[in-house]
Amino acid sequence: MKIRKANINDIRVISKIYVDTWKTTYNGLVPDNFLNELSYEEAENKWMKFFSDSPRSSFIYIASNDSEEIIGFAAAQINNDKEFKGELYALYLLPAAQGLGTGRSLISTVAEHFMNEGISSMMVWVMKNNKSGRGFYKRLGGKYYTHRESQFGECIVEDEAYGWKDISILSLSNRSK
């Protein structure tokens, strides 16, 4: 597996992974009609905007397999939260890449990027009913921080934020020292 910073040419694949993983990960957590209406074109617009908004404050890393196919991505941005200055905005992996350390490696890369920018804390939002997602962040040392509600179509879901006050614990290079 290789991880690198995404470029504009990766947006189409990032968008496909985003839509396809939403349809599997959030099946049963948000209404079917919301999932069925997700489109690659709208996702491309969303990720192009994220990618272009502010290259200094937002960034995306992609993971690729040995065949150089993109198998997942992590998007992050500088946050204006008073407690956590970095935000892991999104982490999406193809099902075949889950459970193999890809997500962990992407989060480590995001943490290292933030540390290089002088940011030492990070948070992530996750649906409260996404038990596997919440468990993943807890296993990485994320601590419950706060909650909010999000709306998907007619459905309101609860989200929880998990945070790391010291993201150096997420860095794979720091763990090997």
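**Rings, charges and a helix**

Modeller: F59 is buried, at a relative accessible area of 4%. This is a predicted model, where local features need pLDDT of at least 70, side-chain atom pairs count only at pLDDT 80 or more, and totals for chains, interfaces and linings use all residues. Residues are numbered from 1 along each chain as its sequence is written, and side-chain values use heavy atoms, with hydrogens and water left out.

Biologist: What makes F59 and F114 an aromatic pair, and of which type?

Modeller: Rings of Phe, Tyr and Trp (its six-membered ring) pair if their centres lie within 6.5 Å; planes under 30 degrees apart are stacked, over 60 edge-to-face, the rest tilted. By this rule there are 18 aromatic pairs. The centres of F59 and F114 are 5.2 Å apart and the planes 70 degrees, so this pair is edge-to-face.

Biologist: What does the F59 and F114 pair tie together?

Modeller: F59 is in strand β2 (residues 58-64) and F114 in helix α4 (residues 102-116), so the pair ties parts 55 residues apart in sequence. Helices (H or I, at least four residues) and strands (E, at least two) are DSSP runs, numbered from the N terminus.

Biologist: How do you know that the charge of K46 sits over the ring of W47?

Modeller: NZ of Lys or CZ of Arg must be within 6 Å of the ring centre and within 35 degrees of the ring normal. The charged end of K46 is 5.3 Å from the centre of the W47 ring and counts as over it.

Terms used. Buried < 20%, exposed > 50% of the residue type's maximum accessible area, 1.4 Å probe, protein only.
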